[in-house]
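Hi everyone, thanks for making time this morning. Let me put the model up, and then we can walk through a few parts of it together.

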Amino acid sequence: QTAPRNLRDLPKGHLHLHMEAAIRPSTLNEMAATLGIEPPNTTVFSGFSQFDIVYRTLLAVLQEPTHLATLMDQIFEDQVANGVVYLELGVDSSFYVERYGSHSRALEVMLGLARTASERHGLAFGFMVTIDRTASIEHSILIAEAAALFAGEGVVSLGLASDERGHPCADFAEAFAIAKAAGLHSTPHAGELVGPPSVREAIDVLHADRVLHGVRAIEDPELVAELAARGITLDVCPTSNVLLDVVDTIAEHPLPRLLAAGVRCSINADDPIIFGPNILAEYELCRAELGLTDEQLADCAWTSIETTAAPDEVKSAAR
Ligand code: ADE
Ligand code: ZN
């Protein structure tokens with residue numbers, strides 16, 4: 001009998017982590033104190049709509065340019081401490097467009113901070129620029145064009161976040177076509193608050209390379225088989241799914257069934273300041289509560305590197 005694998009030392013990609021929600025609790029409190037405001041309570045909410053309001057309260061604290069620099073540096077430091085070797089960080093330029101004047105300037109500023117943090121902590125990264133699917137189609141095209149400007153310069157994928165209900169993937173076909181033409185990966189959220197038809201649109205209309213969440217594909221065996229056959233990765237966030245009522249309990253999470261059906265999955269934290277666990281704790285949870293074996297956990301970790309835009313050196317070191 002061999003000892004269980006040390007999951008800290010398993011080389012992991014972190015592919016589903018939204019920037020503002022990766023702030024440390026202590027840093028959130030300190031920043032609020034310097035601004036003379038109450039730190040937002042980020043852990044009390046019920047349902048996606050309240051979650052979304054909580055998420056936006058984080059923006060009130062990240063007001064100073066120095067706050068963004070601190071946030072970025074600490075995110076990279078924390079990922080390294082979790083054994084992350086490649087970070088695909090979700091950023092939404094629309095949160096900073098007023099401050100910096102344009103989406104492209106906001107991305108340029110954030111990319112500069114990320115490059116500094118990347119060198120300082122020795123962690124490879126790419127940005128997933130996320131479109132807010134509750135905003136307009138024109139807005140989505142603006143963001144896609146800004147993201148495309150930085151293809152090969154730090155931006156690696158185009159995402160689609162916020163409330164899936166009433167905001168179908170298909171509405172964003174043009175934005176994702178722009179991204180694909182620029183060589184970016186297509187990485188929309190789908191199959192979280194809406195079932196299989198949403199995942200279907202993500203792969204058929206947005207030509208998703210990976211689907212963020214995607215777990216409700218489990219409701220359609222044919223779709224599961226297709227995800228497996230096409231090697232489309234699902235970037236799964238177990239605790240997020242429990243706290244946003246996508247599944248009733250962690251024990252019922254479909255990750256083991258998706259893996260058993262041959263679907264490639266990565267394990268991620270999504271919004272740790274809101275949901276609690278960091279990526280390492282999510283891996284531990286998958287072992288303790290979902291019964292994933294060391295081999296399955298290692299497969300998920302390898303998927304999180306192999307099926308991404310991680311640099312070749314990172315891929316060969318992790319193989
Ligand atoms: N933005 C941050 N986390 C999200 C999630 N789980 N679903 C949709 N949008 C999000
Ligand atoms: Zn997310």
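**Helices and a ligand shell**

Helix 3 (residues 65–81) and helix 5 (residues 103–121) pack at an angle of about 35°, and their axes are 9 Å apart. Helices here are DSSP runs of H or I with at least four residues; axes are lines fitted to C-alpha atoms over the stretch in contact, with angles from 0 to 180 degrees between N-to-C directions.

Before I go on, this is a predicted model, where local features need pLDDT of at least 70 and side-chain atom pairs count only at pLDDT 80 or more, while totals for chains, interfaces and linings use all residues. Residues are numbered from 1 along each chain as its sequence is written, and chains are lettered from A and ligands numbered from 1 in the order in which they are written.

Now, helix 2 (residues 48–61): which of its residues are buried? They are Phe51, Tyr55, Leu58 and Val61, where buried means 20 or more other C-beta atoms within 10 Å of the residue's own, and exposed means 12 or fewer, with C-beta atoms placed from the backbone. These four sit on the same side of helix 2 because they cover an arc of only 100° around the axis, taken from the directions from the axis to the C-beta atoms. Ser49, Gln50, Ile53 and Arg56 are exposed on the other side.

Tyr55 turns up again around ligand 1, together with His18, Ala161, Ser162, His189, Glu192, Ser240, Asp270 and Asp271; the cut-off is a backbone-placed C-beta atom within 6 Å.

Notes:
Helix = DSSP H or I, 4+ residues; strand = E, 2+ residues; numbered from the N terminus.
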